[in-house]
Amino acid sequence: RVDEWTDVDRKRVMNDIISAMFKRNFMEELFKAQDLYSKKALRTVYDRLAHTSIMRLNQASMDKLYDLMTMAFKYQVLLCPRPRDILLVTFNHLDAIKDFISDSPGILNQVDETFRQLMETYNCLSDGEFQLIRQTLLIFFQDMHIRVSIFLKDKVQNSNGRFVLPISGPVPWGTEVPGLIRIFNHKGVEVKRSEFTTAGNYITPQREGSFELYGDRVLKLGTNMYSVTRPVETHVSGSSKNPAAQAKENLVPNPLAKEELNFLARLLGGLDIQKPAGGETGFRLNLFTTDEEEEHAAQTRPEELSYKVINIEATQEPGRRAELSRILGELEVTEPR
């Protein structure tokens with residue numbers, strides 16, 4: 001629910017967020033070789049990005065938006081027909097973003113530059129390297145089982161929040177429809193073949209998705225899953241860890257905590273939270289039907305899924321950066337609740 005929301009406001013908010021998201025220095029930091037950082041760090045960056053416009057979200061609405069984003073991305077990575085198709089999913093994201101800012105050439109150029117960086121960085125990787133990327137992403141999301149109504153209704157998610165892998169449909173590009181076993185001798189000559197019945201109904205894809213700046217991606221993962229109007233709700237399926245295990249994890253020192261926060265400082269330094277100018281009041285976005293529902297969601301959310309956002313003011317001054325490092329070293333950032 002949005003108070004007095006117009007198309008002009010929507011376009012302004014989208015332009016502000018997309019411009020901040022694809023800012024050059026922000027992208028440069030993201031493309032640097034680095035270890036995958038924690039869920040807390042991801043959430044901090046996500047909160048900062050969401051508030052780079054005049055739009056504001058309360059904690060419960062932000063939690064719901066974050067849950068939708070993480071589960072949708074997990075679904076897309078999990079159902080990728082082949083590891084390399086992670087790139088096609090990403091390009092579907094970029095294509096949709098470009099539609100939002102089609103009349104803003106400056107921002108459009110930022111997105112196209114990111115596309116070129118993606119191609120330069122990832123297009124040369126082997127299938128094995130893409131498989132490692134896919135496994136790393138799935139490990140990151142493996143304990144997150146939040147039910148989303150849109151997935152439940154489409155029967156791609158079970159009531160426990162776990163996704164359902166399809167046993168029918170197109171097979172990955174470059175592979176054959178299952179049902180045939182071929183046996184070869186030591187010289188590589190086929191000597192025997194046998195057929196077997198499969199439980200699914202598989203088909204061969206007609207063509208491979210395009211990896212060009214403009215083209216048909218073929219793959220639908222990463223496209224707008226809200227193209228059909230329907231209500232969207234999220235429900236926590238229960239913590240994947242018991243309280244004792246969670247408490248133990250909180251006490252384990254994280255040797256990379258200081259480095260991670262320094263990295264966050266560099267990232268967030270280029271993301272300025274926009275404050276309403278003059279008499280503007282900004283826009284409050286509520287993802288719940290009523291304010292009461294939003295308040296109830298905030299009160300009933302499991303404590304282990306709650307986040308305390310760390311606001312970091314990055315600076316290039318050596319003295320201030322040294323002070324920042326000292327402060328970060330004193331923060332309990334191993335797994336803040």
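Student: Let's start with Asp112. Where is Asp112 found?

Tutor: Asp112 sits in helix H6. Keep in mind as we go that this is a predicted model.

Student: What makes Asp112 count as buried?

Tutor: Set the value against the cut-off: buried means under 20% relative accessible area. Asp112 has 10% relative accessibility, so Asp112 counts as buried.

Student: Which residues is Asp112 in contact with, leaving aside neighbours within four places in sequence?

Tutor: Those partners are Lys98, Leu213 and Tyr214. Contact here asks for heavy atoms within 4.5 Å.

Student: Let's look at a helix. How do you know how the reach of H3 compares with the expected span?

Tutor: Helix H3 covers residues 39–50, which makes 12 residues. From first C-alpha to last, H3 reaches 16 Å, close to the 16 Å expected at 1.5 Å a residue.

Student: What makes H3 "mostly covered"?

Tutor: In H3, 10 of the 12 residues are buried. Among them are Lys40, Arg43, Asp47 and Arg48, as well as Val45, Tyr46 and Leu49.

Student: What about the largest nonpolar core: which residues touch the most other members?

Tutor: This core has 40 residues, and the ones touching the most other members are Ile18, Phe22, Tyr75, Phe91, Leu94, Val111 and Phe151. Elements that each supply at least two residues include H3, helix H4 (59–78), helix H6 (105–122) and strand S2 (146–148). The largest share, seven residues, comes from H5.

Student: Which residues does Phe151 touch, not counting those up to four places away in sequence?

Tutor: Phe151 touches Met71, Ala72, Tyr75, Val156, Gln157, Phe163 and Met225. There is also a second, separate core of nine residues, and Val13, Ala50, Met55 and Leu57 are included in that one.

Student: What makes the phi of Lys155 worth a look?

Tutor: Most residues other than glycine have a negative phi. Lys155 is not a glycine, yet its phi is positive, near 60°. Lys155 lies in the loop between H8 and strand S3 (169–170).

Student: Why is Lys155 called exposed?

Tutor: Its relative accessible area is 67%, and exposed means over 50%, so Lys155 is exposed.

Student: What is the phi of Val218, and where is its place?

Tutor: Val218 has a positive phi of about 65°, although it is not a glycine. Its place is in the loop between strand S6 (202–203) and strand S7 (234–236).

Student: Why is Val218 called partly exposed?

Tutor: Val218 has 30% relative accessibility; buried needs under 20% and exposed needs over 50%, so Val218 falls in between and counts as partly exposed.

Student: Finally, how many helices and strands are in the chain?

Tutor: The chain has 12 helices and eight strands. Of its 337 residues, 38% count as buried.

Definitions and conventions: Residues numbered from 1 in each chain as written. Predicted model: local features only at pLDDT ≥ 70, side-chain atom pairs only at ≥ 80, totals over all residues. Heavy atoms only, no water. Helix = DSSP H or I, 4+ residues; strand = E, 2+ residues; numbered from the N terminus. Expected span 1.5 Å × (residues − 1). Buried < 20%, exposed > 50% of the residue type's maximum accessible area, 1.4 Å probe, protein only. Core = buried A, V, L, I, M, F, W, Y, C linked by side-chain atoms within 4.5 Å.
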